[in-house]
Amino acid sequence: MNSHKKVPDGSNRFDDERPLDLNTALNVVSAAEKRARRELRGNGAWVYLLWALTWFLGFGTLHGSRNGWIPLEPETALTLFGLLVAAGVAVTIVIFGRQSRGIRGHSSFTGGFYALAWILGFIVMGALGGTIGMAVDDFWLRGMLINGIAILIVGLLYITGGTTFNDVVQVVMGVWFLVVDIASIVAGPEHFLTVFFIFGSGGFFVGAAVQALRQRRGHSHARA
(Lines give C-alpha, C1' and ligand atoms only; values in the text may rest on other atoms or scores of the structure.)
Protein backbone atom coordinates (compact mmCIF):
# COMPACT_ATOMS: atom_id res chain seq x y z
CA MET A 1 0.00 0.00 0.00
CA ASN A 2 1.40 3.39 -0.95
CA SER A 3 1.19 5.74 2.04
CA HIS A 4 1.95 8.92 0.06
CA LYS A 5 0.63 10.50 -3.11
CA LYS A 6 1.96 12.76 -5.84
CA VAL A 7 1.00 16.43 -5.86
CA PRO A 8 1.04 18.64 -8.96
CA ASP A 9 4.53 20.04 -8.24
CA GLY A 10 5.97 16.52 -8.41
CA SER A 11 6.83 16.18 -4.69
CA ASN A 12 5.49 13.45 -2.40
CA ARG A 13 3.06 14.24 0.38
CA PHE A 14 1.94 11.86 3.11
CA ASP A 15 -1.72 10.98 3.19
CA ASP A 16 -3.01 11.90 6.65
CA GLU A 17 -5.77 9.32 6.35
CA ARG A 18 -3.32 6.41 6.15
CA PRO A 19 -0.82 5.11 8.76
CA LEU A 20 2.79 6.21 8.37
CA ASP A 21 4.86 3.82 6.26
CA LEU A 22 8.15 3.47 8.17
CA ASN A 23 10.16 2.45 5.09
CA THR A 24 8.92 5.46 3.15
CA ALA A 25 9.75 7.75 6.06
CA LEU A 26 13.26 6.31 6.29
CA ASN A 27 13.73 6.77 2.53
CA VAL A 28 12.68 10.41 2.81
CA VAL A 29 15.11 10.99 5.71
CA SER A 30 17.92 9.19 3.84
CA ALA A 31 17.34 11.27 0.70
CA ALA A 32 17.40 14.48 2.72
CA GLU A 33 20.62 13.42 4.46
CA LYS A 34 22.32 12.62 1.14
CA ARG A 35 21.17 15.94 -0.31
CA ALA A 36 22.56 17.84 2.72
CA ARG A 37 25.92 16.07 2.42
CA ARG A 38 26.05 16.80 -1.31
CA GLU A 39 25.35 20.49 -0.67
CA LEU A 40 27.96 20.71 2.10
CA ARG A 41 30.72 19.38 -0.17
CA GLY A 42 29.38 20.74 -3.44
CA ASN A 43 32.46 22.87 -4.14
CA GLY A 44 34.99 20.49 -2.62
CA ALA A 45 36.95 20.10 -5.87
CA TRP A 46 37.39 23.86 -6.23
CA VAL A 47 38.49 24.19 -2.58
CA TYR A 48 41.07 21.42 -3.03
CA LEU A 49 42.31 23.08 -6.22
CA LEU A 50 42.52 26.44 -4.44
CA TRP A 51 44.73 24.95 -1.71
CA ALA A 52 46.78 22.98 -4.21
CA LEU A 53 47.71 26.26 -5.91
CA THR A 54 48.23 28.01 -2.56
CA TRP A 55 50.66 25.32 -1.36
CA PHE A 56 52.33 25.02 -4.77
CA LEU A 57 53.03 28.75 -4.98
CA GLY A 58 53.67 29.29 -1.25
CA PHE A 59 55.95 26.34 -0.56
CA GLY A 60 57.43 26.74 -4.04
CA THR A 61 58.44 30.34 -3.27
CA LEU A 62 60.00 29.30 0.04
CA HIS A 63 61.68 26.32 -1.60
CA GLY A 64 63.10 28.52 -4.37
CA SER A 65 64.33 31.07 -1.85
CA ARG A 66 65.90 28.33 0.30
CA ASN A 67 67.89 27.01 -2.67
CA GLY A 68 68.73 30.39 -4.22
CA TRP A 69 66.57 29.79 -7.32
CA ILE A 70 64.37 32.82 -6.59
CA PRO A 71 65.99 36.19 -5.73
CA LEU A 72 64.03 36.66 -2.50
CA GLU A 73 65.16 36.77 1.10
CA PRO A 74 63.62 33.98 3.22
CA GLU A 75 61.68 36.52 5.28
CA THR A 76 60.16 38.02 2.11
CA ALA A 77 59.28 34.57 0.77
CA LEU A 78 57.65 33.74 4.12
CA THR A 79 55.60 36.95 3.97
CA LEU A 80 54.37 36.04 0.47
CA PHE A 81 53.51 32.55 1.73
CA GLY A 82 51.53 34.08 4.63
CA LEU A 83 49.62 36.37 2.24
CA LEU A 84 48.76 33.41 -0.02
CA VAL A 85 47.48 31.38 2.94
CA ALA A 86 45.43 34.34 4.20
CA ALA A 87 43.89 34.75 0.73
CA GLY A 88 43.16 31.01 0.60
CA VAL A 89 41.44 31.11 3.99
CA ALA A 90 39.33 34.13 2.96
CA VAL A 91 38.17 32.49 -0.29
CA THR A 92 37.43 29.20 1.51
CA ILE A 93 35.28 31.01 4.10
CA VAL A 94 33.33 32.74 1.32
CA ILE A 95 32.79 29.46 -0.57
CA PHE A 96 31.58 27.48 2.45
CA GLY A 97 29.60 30.45 3.79
CA ARG A 98 27.60 30.69 0.54
CA GLN A 99 27.35 26.89 0.31
CA SER A 100 25.95 26.40 3.83
CA ARG A 101 23.44 29.26 3.54
CA GLY A 102 19.95 28.00 4.34
CA ILE A 103 21.13 24.78 6.02
CA ARG A 104 19.53 24.29 9.43
CA GLY A 105 19.24 21.68 12.16
CA HIS A 106 21.83 19.02 12.85
CA SER A 107 23.82 19.74 9.66
CA SER A 108 24.16 23.40 10.69
CA PHE A 109 25.25 22.35 14.21
CA THR A 110 27.84 19.90 12.87
CA GLY A 111 29.22 22.27 10.25
CA GLY A 112 29.41 25.17 12.71
CA PHE A 113 31.39 23.27 15.33
CA TYR A 114 33.64 21.73 12.66
CA ALA A 115 34.51 25.27 11.50
CA LEU A 116 35.08 26.27 15.15
CA ALA A 117 37.50 23.34 15.55
CA TRP A 118 39.58 24.73 12.65
CA ILE A 119 39.63 28.21 14.21
CA LEU A 120 40.61 26.96 17.68
CA GLY A 121 43.19 24.58 16.24
CA PHE A 122 44.99 27.37 14.43
CA ILE A 123 44.77 29.72 17.42
CA VAL A 124 46.64 27.04 19.40
CA MET A 125 49.08 26.68 16.51
CA GLY A 126 49.67 30.45 16.53
CA ALA A 127 50.42 30.40 20.27
CA LEU A 128 52.83 27.48 19.89
CA GLY A 129 54.38 29.12 16.83
CA GLY A 130 55.10 32.28 18.83
CA THR A 131 56.78 30.28 21.57
CA ILE A 132 58.86 28.32 19.05
CA GLY A 133 59.81 31.58 17.33
CA MET A 134 61.25 32.95 20.59
CA ALA A 135 63.00 29.71 21.55
CA VAL A 136 64.54 28.62 18.23
CA ASP A 137 67.03 30.86 16.42
CA ASP A 138 67.50 28.84 13.23
CA PHE A 139 65.06 30.16 10.60
CA TRP A 140 64.55 26.86 8.76
CA LEU A 141 64.34 24.67 11.88
CA ARG A 142 61.75 27.10 13.24
CA GLY A 143 59.82 26.87 9.98
CA MET A 144 59.90 23.08 10.01
CA LEU A 145 58.55 22.90 13.58
CA ILE A 146 55.74 25.41 12.97
CA ASN A 147 54.75 23.76 9.69
CA GLY A 148 54.83 20.37 11.40
CA ILE A 149 52.27 21.55 13.97
CA ALA A 150 50.09 23.19 11.30
CA ILE A 151 49.98 20.10 9.07
CA LEU A 152 49.30 17.88 12.09
CA ILE A 153 46.19 19.97 12.80
CA VAL A 154 45.20 19.92 9.11
CA GLY A 155 45.56 16.14 8.86
CA LEU A 156 43.60 15.39 12.02
CA LEU A 157 40.79 17.80 11.12
CA TYR A 158 40.54 16.37 7.59
CA ILE A 159 40.10 12.88 9.09
CA THR A 160 37.55 14.23 11.58
CA GLY A 161 35.63 16.02 8.81
CA GLY A 162 35.70 12.96 6.58
CA THR A 163 34.32 10.68 9.27
CA THR A 164 31.72 13.28 10.32
CA PHE A 165 30.43 13.93 6.79
CA ASN A 166 31.03 10.38 5.50
CA ASP A 167 33.55 11.64 2.92
CA VAL A 168 36.17 9.01 2.05
CA VAL A 169 38.27 11.42 -0.04
CA GLN A 170 38.63 13.76 2.93
CA VAL A 171 39.68 10.90 5.23
CA VAL A 172 42.30 9.68 2.74
CA MET A 173 43.67 13.20 2.32
CA GLY A 174 43.92 13.60 6.09
CA VAL A 175 45.92 10.39 6.35
CA TRP A 176 48.09 11.51 3.42
CA PHE A 177 48.89 14.86 5.06
CA LEU A 178 49.95 13.12 8.28
CA VAL A 179 52.25 10.83 6.26
CA VAL A 180 53.67 13.88 4.44
CA ASP A 181 54.15 15.60 7.81
CA ILE A 182 56.15 12.65 9.15
CA ALA A 183 58.24 12.56 5.96
CA SER A 184 58.97 16.30 6.20
CA ILE A 185 60.17 15.98 9.80
CA VAL A 186 62.34 13.01 8.91
CA ALA A 187 63.75 15.01 5.94
CA GLY A 188 64.89 17.69 8.37
CA PRO A 189 65.24 21.50 8.14
CA GLU A 190 67.16 21.36 4.84
CA HIS A 191 64.57 19.37 2.88
CA PHE A 192 61.18 19.70 4.58
CA LEU A 193 60.08 22.36 2.08
CA THR A 194 60.79 19.97 -0.80
CA VAL A 195 58.45 17.40 0.77
CA PHE A 196 55.62 19.90 1.32
CA PHE A 197 56.11 21.48 -2.12
CA ILE A 198 55.94 18.19 -4.04
CA PHE A 199 53.82 15.82 -1.97
CA GLY A 200 51.67 18.34 -0.07
CA SER A 201 50.48 20.35 -3.05
CA GLY A 202 50.46 17.14 -5.12
CA GLY A 203 48.02 15.57 -2.65
CA PHE A 204 45.66 18.53 -3.05
CA PHE A 205 45.86 18.33 -6.87
CA VAL A 206 44.99 14.61 -6.78
CA GLY A 207 42.20 15.26 -4.25
CA ALA A 208 40.73 17.96 -6.52
CA ALA A 209 40.72 15.59 -9.51
CA VAL A 210 39.12 12.73 -7.55
CA GLN A 211 36.50 15.02 -5.99
CA ALA A 212 35.63 16.49 -9.41
CA LEU A 213 35.06 12.98 -10.79
CA ARG A 214 32.87 12.07 -7.79
CA GLN A 215 30.79 15.22 -8.21
CA ARG A 216 30.36 14.55 -11.93
CA ARG A 217 29.18 10.99 -11.22
CA GLY A 218 26.86 12.30 -8.49
CA HIS A 219 25.27 14.80 -10.86
CA SER A 220 24.88 12.06 -13.51
CA HIS A 221 23.11 9.76 -11.02
CA ALA A 222 20.91 12.64 -9.84
CA ARG A 223 19.77 13.29 -13.43
CA ALA A 224 19.19 9.56 -14.13
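User: Which residues have the most contacts inside the largest nonpolar core?
Analyst: They are Tyr48, Trp55, Tyr158, Met173, Phe177 and Phe204. The core has 26 residues. Keep in mind that this is a predicted model.

User: Which helices each supply at least two residues of this core?
Analyst: Helices H2, H3 (74–99), H5, H6 and H7 do. H2 gives the most to the core, with 7 residues.

User: What other core lies apart from it?
Analyst: Another core, of 9 residues, lies apart from the largest one. Ile132, Val136, Ile153 and Phe165 are among its members. As a general point, nonpolar side chains in soluble globular proteins tend to be buried together.

User: Back to Phe177. What does Phe177 touch, leaving out residues up to four places away in sequence?
Analyst: Phe177 touches Trp55, Ile151, Val154, Gly155, Tyr158, Gly200 and Phe204. Of these, Trp55, Tyr158 and Phe204 are also among the residues with the most contacts inside the largest core.

User: Let's zoom out. How many helices and strands are there?
Analyst: The protein has 7 helices and 2 strands. Along the sequence the pattern reads β-β-α-α-α-α-α-α-α.

User: How much of the protein is buried?
Analyst: Buried residues make up 35% of the 224 residues.

User: And the contacts, what share comes from residues 24 or more positions apart?
Analyst: They account for 63% of the contacts with a separation of 6 or more.

User: Now Trp51. Where is Trp51?
Analyst: Trp51 sits in helix H2, residues 44–66.

User: Is Trp51 buried or exposed?
Analyst: Trp51 counts as buried, because its relative accessibility is 13% and the cut-off for buried is under 20%.

User: What does Trp51 touch, not counting residues up to four places away in sequence?
Analyst: Trp51 touches Val85, Gly88, Val89, Thr92 and Phe204. With Thr92 there is also a polar contact, side chain to side chain, at 2.9 Å.

User: What separates the C-alpha atoms of Trp51 and Gly203?
Analyst: They are 10.0 Å apart. Along the chain, Trp51 and Gly203 are 152 residues apart.

User: Switching to charges. How many salt bridges does the count come to?
Analyst: The count comes to 1 salt bridge. The side chains of Asp167 and Arg214 form it, at 2.9 Å from N to O. The pair links distant parts of the chain, 47 residues apart. Asp167 is in the loop between helix H5 (139–164) and helix H6 (168–187). Arg214 is in helix H7, residues 192–223.

User: Why can such side chains pair at all?
Analyst: Side chains of opposite charge can pair when their charged atoms come close.

User: Which is Asp167, buried or exposed?
Analyst: Asp167 is buried, with a relative accessible area of 4%.

User: What about Asn166, where is that?
Analyst: Asn166 is in the loop between H5 and H6. Its phi is near 55°, a positive value in a residue other than glycine. Asn166 is partly exposed, with a relative accessible area of 47%.

User: Which residues make the nonpolar surface patch?
Analyst: Phe109, Phe113, Leu116, Ile119, Leu120 and Ile123 make a patch of about 610 Å². Phe109 lies in helix H4, residues 105–135. At 52% relative accessibility, Phe109 counts as exposed.

How values were computed
Residues numbered from 1 in each chain as written. Predicted model: local features only at pLDDT ≥ 70, side-chain atom pairs only at ≥ 80, totals over all residues. Heavy atoms only, no water. Salt bridge = Lys/Arg side-chain N within 4 Å of Asp/Glu carboxyl O. Helix = DSSP H or I, 4+ residues; strand = E, 2+ residues; numbered from the N terminus. Buried < 20%, exposed > 50% of the residue type's maximum accessible area, 1.4 Å probe, protein only. Contact = heavy atoms within 4.5 Å. Polar contact = N/O pair within 3.5 Å; in protein donor to acceptor, adjacent residues only side chain to side chain. Core = buried A, V, L, I, M, F, W, Y, C linked by side-chain atoms within 4.5 Å. Patch = residues over 30% accessible without salt bridge, like charges linked within 9 Å, V, L, I, M, F, W, Y side chains within 5 Å. Areas by Shrake-Rupley, 256 points an atom, 1.4 Å probe, with all protein chains shown as cover.
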